[in-house]
Structure formats: C-alpha cells, structure tokens
2 protein chains.
Amino acid sequence: MTFELTILGSNSAKPVFDRHPSAQALQIDNQIYLIDCGEGTQMQLTRYGVRNGKINHIFISHLHGDHYLGLIPLLDSFALNSRTATLHLYAPPDLKRAIDLHYDISNGKLPYELAFHPTQDKQAQLILDSNRLQVYSFPLQHGRLPCTGFLFAEKKLPRRIIAHKIAQYQIPFTQINDIKNGADFTTSDGTIIPHAELTTENRVPYSYAYCSDTAYTETILPHIAGVDLLYHESTYLHDLAQKALERGHSTAQQAAQIALKAGAKRLIIGHYSSKYADLQPFENEARAVFPFTDLAIEGKCFVIGGV
Amino acid sequence: MTFELTILGSNSAKPVFDRHPSAQALQIDNQIYLIDCGEGTQMQLTRYGVRNGKINHIFISHLHGDHYLGLIPLLDSFALNSRTATLHLYAPPDLKRAIDLHYDISNGKLPYELAFHPTQDKQAQLILDSNRLQVYSFPLQHGRLPCTGFLFAEKKLPRRIIAHKIAQYQIPFTQINDIKNGADFTTSDGTIIPHAELTTENRVPYSYAYCSDTAYTETILPHIAGVDLLYHESTYLHDLAQKALERGHSTAQQAAQIALKAGAKRLIIGHYSSKYADLQPFENEARAVFPFTDLAIEGKCFVIGGV
C-alpha cells in the first residue's frame with residue numbers, strides 16, 4: 001500500500017520566497033486526503049502532479065484565510081471538471097456559510113454532492129471511520145478561533161496467511177479472509193487448526209497527525225502518541241517564544257519537544273513566519289531536541305509506508 | 001507619466017498551462033489600479049514585481065470565482081503588511097457580504113479602511129473621478145450575473161507652456177499653472193498676452209477599457225469608442241460561437257470586430273478556455289479582422305504611454 005504525505009504549502013499567512021499557505025496531500029492507496037487548503041492549493045496540486053480526481057475528503061483545521069481560501073476555487077474547478085463523486089468536507093461549521101454564500105452570489109451550483117461534516121473543538125472526535133482508516137479531530141490551542149488537529153490512523157490489519165499452510169491443509173480460497181481475521185480452520189477429517197498456526201502478525205498500522213495552528217500544549221499528547229509521522233507547526237524560532245505564545249503559535253524547539261513527549265517516530269515542522277528567508281535555523285533548533293525532524297518544503301514527499 | 005498594463009492572469013475559470021484566472025494591473029504614474037482578482041493574484045503580483053503598496057483601488061467585474069477569489073487573501077496580506085492607507089473597492093454589492101462573512105468567521109479585522117463602492121449593471125456610471133483620472137463602469141452581457149466593464153480615461157491635460165516665453169515675458173513661476181489651464185498673462189506694463197501664445201496643445205489623454213466577461217454586444221461601443229487599448233475577452237475560437245453565446249462569452253473574431261467597430265487603437269484578447277493549450281489560433285483569428293491585436297500572456301506589459 002501507499003501511505004505518503006506531499007507538502008503543498010509550508011508557509012504561514014503571507015506567501016513569500018515561493019512558499020505557499022498551508023496545504024498537504026496525504027495519499028493512502030488510491031485516495032488523497034487533502035489537509036488544509038490555502039490560496040493556490042489547486043495550482044500546487046497541478047505543480048506536483050497530485051491528481052485532483054483522487055481527492056474525496058478535505059479537512060480544514062480552522063478558518064484563518066491561509067488555511068481555507070483555496071477551497072472554493074478548488075470546488076469550482078471540480079465542478080468545471082464535471083466531477084460527479086461526492087466530496088466530503090470536514091471543517092468548522094462556519095465554513096458552510098462561506099461556501100453557500102459564494103454559490104449564492106456567483107449564481108452557481110455544484111454538480112456533485114458536497115457532504116459537510118462540521119468539526120468542533122471541545123474534545124477529540126471520530127470524524128471518519130472507513131474500512132481501512134479512522135480519522136480523528138482533536139482540539140488545538142489557537143486563540144479564540146476554533147481549531148483542530150487531525151489524526152489519520154490506519155486500522156489494525158488482518159493477520160497474514162502462511163502460504164505453505166494453504167497447500168498443507170488444502171484450505172479453500174473462500175476461507176482465507178476469515179482465517180486472516182481470526183477464524184480457525186476445520187480440515188476434512190474434522191481436525192481444528194487454530195488460526196494462530198496458519199497466520200503471522202501483520203505490520204503495525206501507519207499513522208499521521210497534523211497539528212496546525214497551535215500554541216505549545218501538552219493536551220494534544222494523548223491524541224498523537226506514538227504516531228509514525230507528526231506535523232507540528234513552528235511559526236517562529238525559540239527566541240520569539242513569547243510572541244509565539246501571544247499569537248497562538250509554536251517555536252521549532254517546542255514542536256520538537258511535543259514530538260519527543262508524544263513518542264512520535266518522525267517530525268515535520270512548517271508554517272514558517274514570512275519574516276524568515278532562511279529555514280536552516282528551524283531544522284537546527286528542532287533537531288537539537290528531536291533528531292528525526294525534517295522541514296516542510298513545497299513538493300517534498302514523506303513516505304510513511306509503501307508495503 | 002506612466003500608463004501601462006501588466007497581465008497577471010489570462011485564463012478563464014480553471015488555471016492550466018501556467019495560465020491564471022483574471023487579474024490585471026494598470027499602472028498610472030505611481031498608482032496601481034488592480035482589475036479583477038482571481039485566485040493567486042497576490043502571488044502573480046510578487047512574480048512580476050508589481051508593488052502591493054501602490055494598490056489603492058481594486059475593480060471587480062463580476063462575482064464568478066475566477067474574477068474575485070484572490071481578493072480576500074490579498075486583503076489579508078495587506079493587513080499583515082500593516083497597511084494603513086484606505087483601500088477603495090469597486091464591485092457588485094454582494095461582494096461586501098462575502099468580505100464581511102470572512103472577517104466574521106475568521107475572527108479578523110482589517111487595520112485599514114476598506115471603502116466599498118458598489119457597482120450596478122443597469123447603465124454606465126462614473127465610479128471614480130480624481131484629479132487626473134475618471135473611471136466608468138458599464139454593463140456587459142454575461143448571463144444572469146451582474147457584470148460590468150471598466151473604462152479608465154485620463155482627464156484632459158493642461159496645455160504645455162512654451163519654455164522661452166517664460167523668459168521673454170518674465171512670467172513668475174507661481175502663475176505658470178494658471179496659464180497652462182487657460183489664464184492669460186498680464187505683463188508689468190499692463191499688456192495682456194493671450195494664453196494661446198504662451199502654450200501649446202498637450203497630447204491626447206490616454207485611455208484603457210476592460211471588457212470581461214461578456215457575450216458579443218454592440219451596446220458597449222459607445223463606452224469604449226476610440227480607446228488607446230481595449231481588452232476584450234475571447235474565451236473561444238469562432239467555430240464555437242454558439243457555445244460562446246450560450247455561456248455569455250465571446251470568440252476571438254468577435255473581440256476583434258468589437259475593437260474595429262469601436263475604433264480602438266489596439267486590442268488585447270484573453271480569458272481563454274482551458275480547453276486550448278495553443279493560443280496562436282486566437283491571435284490569427286483576431287488579427288484577420290483587427291491587425292493590432294495581441295494575446296494576453298502572464299507577465300506581459302502593454303505600454304499605453306510613457307510621456
């Protein structure tokens with residue numbers, strides 16, 4: 001399977017230095033989960049070869065313009081592409097008002113269903129539960145504006161069948177899925193073969209957590225514990241920790257502390273303030289605390305798993 | 001003076017082939033008049049070195065997304081740049097609702113005054129009358145959605161003083177502006193020198209007209225008669241004239257016919273449908289009718305006057 005993240009926008013509010021406002025594409029097999037959608041996201045999708053047609057779920061963390069103002073243009077382009085598939089949108093409830101207003105004043109109408117799933121920032125919430133994936137939203141701390149992070153957690157995988165056991169016990173193909181999922185097998189002479197003898201443990205499910213925008217807060221730790229890959233915003237370097245706090249943002253050092261305390265395997269930092277032309281100090285500062293840190297850079301792809 | 005137009009976005013709705021949705025920057029001396037503001041306009045301004053700080057007037061033709069969805073991100077960036085100067089916005093009244101809603105749901109507030117001047121599409125209207133420029137809106141025909149074109153007409157210039165007459169009659173500098181504007185001069189011995197002897201006619205004022213989006217309509221001719229430069233949309237080639245009509249758009253041939261009938265000096269065509277990768281046929285088709293046609297291309301600058 002594919003489980004990989006492409007950075008489409010790495011900057012905070014103002015687009016500068018060819019850095020764009022927040023947007024990420026998480027590809028899981030043949031589906032793309034779009035996370036935040038700042039201005040120009042559809043151009044970035046084209047630029048990095050991410051196929052629009054695979055996007056069926058979009059997640060918006062909060063309603064600052066740099067996290068959502070590329071959404072309506074993208075919805076419009078889906079319409080121009082004659083999309084018919086339902087699009088699921090997970091976002092603070094007020095976003096629905098902005099979308100409705102646009103289609104009112106532009107005298108437009110979407111030719112596909114837009115299924116709106118309002119998020120809330122009071123507690124963690126399961127917002128998508130498919131056969132292979134669960135997505136949770138959880139509260140971030142970003143001033144007065146409701147803001148949530150997202151956890152994308154692959155479901156526990158069925159056990160793997162041991163190939164030579166199929167021949168040994170003449171197991172019909174029709175029973176293999178049941179055995180993978182825990183059923184024992186009864187041979188033609190009535191002997192029960194426990195499924196543990198026929199299968200092995202599968203790999204650990206993959207997970208990805210997105211935390212932007214937020215001040216440093218340990219309240220998120222239970223929601224992101226042990227993730228394979230964590231994105232945590234780092235708008236400032238730590239010499240501006242006070243400014244970060246006042247504005248509901250974090251520093252690179254703080255992002256790394258969160259990754260360390262959460263037991264994350266890897267960390268990506270981003271949402272850089274437009275005041276920084278050089279990002280190397282961000283990497284240095286974060287790696288001093290958590291070595292497995294990388295910078296979010298437009299077009300960069302982080303492979304979580306490909307097995 | 002400077003009077004020149006920079007194309008920021010040349011395409012119709014969907015951004016493709018590195019062509020962007022509608023936006024143009026008309027620079028007149030030290031002011032930039034932004035005309036339409038599709039998604040990504042602020043990135044295009046940066047890309048082509050057009051300075052945000054010189055923009056004090058923005059004109060929006062209509063509320064299809066490809067003509068206005070870059071506006072709120074630009075307003076946000078002005079705010080982040082600590083803008084204090086008043087920004088004047090000329091647009092259909094419903095745009096105000098969309099702006100107000102954004103600052104409501106994003107818990108934001110502009111640190112500068114936004115002066116909103118609602119346009120209407122029933123008749124031509126003088127919407128800006130400054131000491132050197134008049135801007136008119138006039139109705140276009142774009143289906144049911146209110147849509148206006150804009151005429152930017154430099155005011156009649158004062159006459160030019162003849163340099164050697166200043167010495168000849170010992171004209172004080174304090175009187176020169178009055179003479180340029182038609183006052184006669186009285187010498188110290190009481191002789192009246194008519195201003196016509198002291199001055200020469202100035203150049204003809206420059207003008208630019210913007211017509212997008214619209215079906216072919218000769219109702220616009222009186223409003224754009226004799227302009228130095230005309231932009232007229234050409235979404236399709238003429239073999240799709242019927243489709244153009246149904247969708248409230250024009251063909252390259254029709255744009256050229258309008259330029260010819262209006263007595264325009266030069267024509268720019270643009271707002272190409274995303275179905276066309278190659279634009280050469282647009283130029284060929286229009287030039288067959290009106291030779292002084294150029295294609296709108298991102299970053300291209302059309303100098304109307306520089307005297």
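The model is predicted: local features need pLDDT of at least 70, side-chain atom pairs count only at pLDDT 80 or more, and totals for chains, interfaces and linings use all residues. Residues are numbered from 1 along each chain as its sequence is written, chains are lettered from A and ligands numbered from 1 in the order in which they are written, and side-chain values use heavy atoms, with hydrogens and water left out.

**View 1. Chain B meets chain A.**
On chain B, 33 residues are in contact with 33 residues of chain A. Contact means heavy atoms within 4.5 Å. The two chains bury about 2800 Å² between them. Carbon and sulfur atoms carry 61% of that area. Glu39(B), Met43(B) and Ile105(B) supply 24% of what chain B buries against chain A, more than any other three residues. Buried area is the accessible area (1.4 Å probe) that two parts lose on being put together, summed over both.

**View 2. The side of chain B that touches chain A.**
Ten residue pairs are in polar contact between chain B and chain A, both residues at pLDDT 80 or more. A polar contact is a pair of N or O atoms within 3.5 Å; within protein, one must be able to donate a hydrogen and the other to accept it, and residues adjacent in sequence count only if both atoms are side-chain atoms. Four elements of chain B give two or more residues to this side: α1 (41–47), α2 (65–68), α3 (71–80) and α4 (94–105). Helices (H or I, at least four residues) and strands (E, at least two) are DSSP runs, numbered from the N terminus. α4(B) gives the most, with seven residues. The residues of this side divide into 14 nonpolar, twelve polar and seven charged. Ala, Val, Leu, Ile, Met, Phe, Trp, Tyr, Cys and Pro count as nonpolar, Asp, Glu, Lys and Arg as charged, and the others, Gly among them, as polar.

**View 3. Helix α4 of chain A against helix α4 of chain B.**
The axes of α4(A), residues 94–105, and α4(B) come within 10 Å and cross at roughly 170 degrees. Axes are lines fitted to C-alpha atoms, for helices over the stretch in contact, and angles run from 0 to 180 degrees between N-to-C directions. The two helices are therefore roughly antiparallel to each other, a term for angles over 145 degrees. Residues of α4(A) in this contact include Ala98(A), Leu101(A) and Ile105(A). Those of α4(B) include Ala98(B), Leu101(B) and Ile105(B). The contact holds six nonpolar, no polar and six charged residues.

**View 4. A salt bridge between the chains.**
Asp104(B) forms a salt bridge with Arg97(A), with the closest N and O atoms 3.2 Å apart. The pair crosses from helix α4 of chain B to helix α4 of chain A. A salt bridge is a side-chain nitrogen of Lys or Arg within 4 Å of a carboxyl oxygen of Asp or Glu. The count between chain B and chain A is two.

**View 5. Backbone details in loops.**
A cis peptide bond joins Ser212(A) and Asp213(A), with omega about 0 degrees. Asp213(A) lies in the loop between β14 (207–211) and α8 (221–224) of chain A. In chain B, a cis peptide bond joins Ser212(B) and Asp213(B). Asp18(A) has a positive phi, near 55 degrees, and is not glycine.

Terms used:
Angles under 35 degrees count as roughly parallel, over 145 as roughly antiparallel, 65 to 115 as roughly perpendicular and the rest as oblique.
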